[in-house]
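Trainee: Hi! I'm new to this one, could you walk me through it?
Mentor: Happy to, let's bring it up and take your questions as they come.

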Amino acid sequence: MFVYLMLEAMIDKFKVKFVEESLDNINDLEEALLLLEKDTKNHEIIERIFRAMHSLKGGGAMFGFNDLSEFTHHLETIFDLVRNDKLQVDNTIISLTFEAIDHIKHLLDRGDLVDPEEIKEQKDFIARVQLVSETNQEITKVAELPNVITDDGSNTFLINFKPNEEILRNGTNPFYLLDDLHAMGNAQVLAFSSKVPGLEELDPIGNYVEWQIVLNTSESVNDIKDVFIFVEDECSIDITKLSAGNLLENEDVKLIISEAIDQQKPLLVDQLKGLSVPKNTEFTKSESKKKVQLKEHKISSIRVSSTKIDELVNLVSELVTIQAQLNLYAEKDGNAGILSLAENIQKLSRQLRDNAFEISLIPLQSELMRFQRLVRDLSKELGKDIDFIIEGGDIELDKNIIEHLTDPLLHIIRNSVDHGVELPAERIKAGKSPKGTIIFKAFYSGASVIVKVLDDGRGINPDQIVKKAIAKGLIDKNVELSKKEIFDLVFLSGFSTKEQVSDVSGRGVGMDVVKKKIGEIRGEVSLDSEVGKGTTLTLELPLTLSIIDGLLVKVANNQYVIPIANIEKIHAMDSVKFGSTFNHVVTIEEKQFPYIDLRETFNETAKKDGSEQLILVKYEDRKVGLMVDQVIGEYQTVVKAMGRFLKKQETISGASIMGDGTISMVIDTNRLIHLNAMKKYRTS
Amino acid sequence: MKEQMTSLISFYINKEVFAFDTLKVRNILEFGQYTNVPNVKEYLLGVINLHGNIIPIADLRVMMGVDVIENTQDTAIIVVSDDGKTDSLIGFVVDGVKEVFDMDLAALQESVFNGNSGLINTFIGSVYRGEDFIHVIDLVECVQEVEK
């Protein structure tokens with residue numbers, strides 16, 4: 001019992017792994033399919049699709065996803081034909097496959113189907129899939145179903161199935177009948193299409209094809225007749241028993257059948273009768289099974305649970321902190337031995353840190369598939385024609401960042417498809433090409449990654465934003481705002497430019513949520529738009545969440561870290577001429593800059609003795625000064641979260657533990673300046 | 001009624017005795033150096049470094065509306081987490097920790113407390129022990145107040 005339970009648990013574990021791997025396969029499948037849509041003849045892509053399906057099928061059967069395996073099998077058949085140049089990829093196939101992928105996802109989620117409704121749906125779907133693979137091809141060999149009956153009670157029949165021309169008119173699908181026959185046992189179907197007339201005479205809903213089926217089954221002749229019970233009047237059926245046992249295993253029979261297919265000459269009962277059933281069926285069967293199981297096996301990467309990586313990164317962060325303490329101690333102690341040891345440890349821990357952080361980076365690509373799919377499906381649904389172009393999909397980001405990024409990006413892209421890009425007719429009227437374009441662009445910029453989503457749609461009118469913001473009481477009527485400031489209003493909570501809630505993107509989640517989500521990962525969002533030309537959304541994201549290069553500064557008794565990436569220049573106070581303190585403007589090298597006195601914002605007692613320093617930081621397209629007591633120096637630091645109770649403190653994005661165990665807080669300069677600026681505009 | 005034993009940790013605030021559920025307590029520390037965090041509520045003193053985690057500390061005495069605060073050798077920080085997560089760790093500063101004791105939940109009486117000046121007004125109950133009435137603080141409410 002215990003062993004059994006353990007086995008159960010193990011299988012469950014494998015199942016989870018299979019689902020995970022299958023999702024990867026599906027991802028790959030979707031990606032390849034999208035590529036195939038653009039380049040329908042590319043053999044490499046077709047191979048890739050075939051391989052992905054093949055692994056799904058094999059894995060499914062192994063881990064008890066029988067419905068999935070069966071379904072994928074039929075799908076695979078199509079691509080096997082494509083692979084062998086027997087079938088041309090067209091839109092129907094691609095759309096059908098996309099639909100099929102959704103179905104596979106569903107099957108992965110559910111396991112084997114129980115609901116009779118769903119089982120029927122799957123059957124219908126399979127029939128549709130089979131229709132594609134069969135209509136495009138003269139002869140289809142359908143491989144054996146898993147539950148082949150091979151016991152000696154079986155018989156082999158030759159069935160002549162000649163439907164008349166009218167059979168399709170009353171909705172009968174002859175393929176369903178063939179499916180039923182397949183379900184009874186082992187069947188080989190031969191299709192004869194020599195009666196199909198030329199195009200001029202062809203009735204599109206007439207049937208001109210005849211079939212012959214060699215069927216090995218343990219059912220009786222009457223059972224076979226039952227299959228055709230509803231179409232008796234529309235066709236001629238002729239069932240002859242050839243022999244007992246499975247004649248289909250006989251090599252001669254195989255030869256005769258393939259000749260008949262090649263020459264389009266119907267099989268005759270005499271040709272087959274009297275041939276014997278081979279004895280060694282068991283052997284040939286198991287061998288052919290084995291061949292299917294052989295697959296490529298290559299380990300170029302391993303799967304590690306993300307919690308393990310989080311733990312590793314955490315431990316390395318700890319190590320870096322302790323190492324800094326050791327350095328401090330060694331310097332104080334002055335012992336040459338300890339000093340050199342500390343130095344070596346520093347080198348090692350740096351490398352270790354870089355490595356550990358690299359492990360937690362994953363390429364953006366992994367998420368992009370979903371966006372491709374979204375644009376494709378959504379634009380079809382809305383009747384729009386949109387090209388989705390991805391640049392820089394290989395850029396790598398911390399997995400925690402990517403996790404937080406998906407939802408906001410989905411929202412942004414949805415917005416572009418729904419509100420941005422116009423309908424083709426509208427586009428032509430505006431003198432644009434009927435096909436819209438959405439570009440997704442990612443690139444490195446210093447210590448951050450910039451992600452841009454550009455569309456060439458109708459754009460956003462700034463005047464409308466202002467009007468709306470005034471109406472909603474978000475800004476004062478008399479405030480003059482720059483274009484950039486106007487677009488920033490879109491991110492305020494309670495702002496949404498579209499009046500009516502749309503089915504697609506207006507689900508009550510506005511850009512403020514996007515901003516908040518991106519803010520959670522220390523990123524910034526901005527929007528730019530030109531009426532009639534399009535809209536650009538820009539996300540600026542940190543490379544990793546947990547480590548930054550910072551400048552250590554002192555304000556009153558506290559130490560703070562300002563991310564170096566944001567810093568433009570540091571000025572000593574004597575080169576700085578203060579304008580009126582009231583205005584908070586400072587003159588540096590004949591230019592005026594606004595500045596923020598950190599003592600004032602942090603509610604410390606004011607002090608100005610000329611020893612202060614001014615740090616110019618970049619804020620969007622401007623520069624803003626931050627006044628601090630003293631600049632201590634550069635410092636590479638591990639940023640730690642401040643926990644759930646200090647989330648309200650928005651200007652501090654985290655804290656860092658110094659070499660001596662004390663804490664310094666990391667200032668989020670963008671937020672600090674933003675909050676300061678917002679105070680100016682708020683009417684309340 | 002069936003006995004339902006629970007373990008509590010009692011502490012002093014302004015000579016009165018209060019208690020937390022021991023299961024929620026992670027650490028008891030000496031009150032010492034801490035780092036100020038600007039622009040936060042008055043009773044949030046700042047943050048401390050506990051084994052590499054940054055933990056906020058709140059002065060429970062201020063939250064309870066104590067007027068005169070005096071830090072002595074006995075002043076302590078009780079670090080708790082209401083949901084067991086590291087992210088939820090918070091330290092409460094008290095005048096001194098008294099003891100850990102077991103009690104039957106059935107012995108709890110309704111707290112008699114006429115909503116004084118403090119921010120904490122609901123208690124799970126009070127129990128008479130030795131010479132003191134011990135008021136058991138509702139940690140969830142306490143933590144919600146900080147989070148507000």
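Trainee: Let me start with one residue. Which residues does I90(B) touch, not counting residues up to four places away in sequence?
Mentor: Keep in mind that this is a predicted model. I90(B) touches F645(A) in chain A. In chain B, I90(B) touches I55(B), P56(B), A58(B), V80(B), V143(B) and V146(B).

Trainee: And which residues touch the most other members in the largest nonpolar core?
Mentor: I90(B) is among them, together with V47(B), A58(B) and F92(B). That core has 77 residues.

Trainee: Why does this core lie between domain 3 and domain 5 of chain A?
Mentor: Because both domains give residues to it: domain 3 covers 306-359 and domain 5 covers 547-678.

Trainee: Okay, what about a second core?
Mentor: There is a separate one of 36 residues, which includes F371(A), L397(A), A442(A) and I465(A).

Trainee: Switching to the contact between the chains: how many residues does each chain give?
Mentor: Chain A gives 22 residues and chain B gives 18. On the chain B side, the elements that give two or more residues are β4 (35-36), β5 (44-50), β6 (53-59) and α2 (139-147).

Trainee: Which of them gives the most?
Mentor: That's β6(B), with three residues. By class, the side of chain B that touches chain A has ten nonpolar, six polar and two charged residues.

Trainee: Now sheets. What's the strand order in the open sheet of five strands in chain A?
Mentor: The order is β6-β8-β9-β11-β10, and the pairing is mixed. At the edges are β6 (386-391) and β10 (524-530) of chain A, each pairing on one side only. Neighbouring strands are turned by 15° against each other on average, direction ignored.

Trainee: How do β8 and β9 of chain A pair, parallel or antiparallel?
Mentor: Antiparallel, over eight bridges, with β8 at residues 436-445 and β9 at residues 448-455. Within that pair, F440(A) in chain A stands opposite V453(A) in β9(A).

Trainee: Which helix packs on that sheet?
Mentor: Helix α13 (residues 365-382) of chain A, which touches β6 and β8 of chain A. The direction of α13 makes about 170° with that of β6(A).

Technical notes: Residues are numbered from 1 along each chain as its sequence is written. Chains are lettered from A and ligands numbered from 1 in the order in which they are written. This is a predicted model: local features need pLDDT of at least 70, side-chain atom pairs count only at pLDDT 80 or more; totals for chains, interfaces and linings use all residues. Two residues are in contact if their C-beta atoms, placed from the backbone, lie within 7 Å. Helices (H or I, at least four residues) and strands (E, at least two) are DSSP runs, numbered from the N terminus. Ala, Val, Leu, Ile, Met, Phe, Trp, Tyr, Cys and Pro count as nonpolar, Asp, Glu, Lys and Arg as charged, and the others, Gly among them, as polar. A nonpolar core is a set of buried Ala, Val, Leu, Ile, Met, Phe, Trp, Tyr and Cys residues joined through C-beta atoms within 7 Å. A residue is buried if 20 or more other C-beta atoms lie within 10 Å of its own, exposed if 12 or fewer, and partly exposed in between; C-beta atoms are placed from the backbone. Domain bounds come from an automatic or database domain assignment. Two strands pair if DSSP finds at least two bridges between them. Axes are lines fitted to C-alpha atoms, for helices over the stretch in contact, and angles run from 0 to 180 degrees between N-to-C directions.
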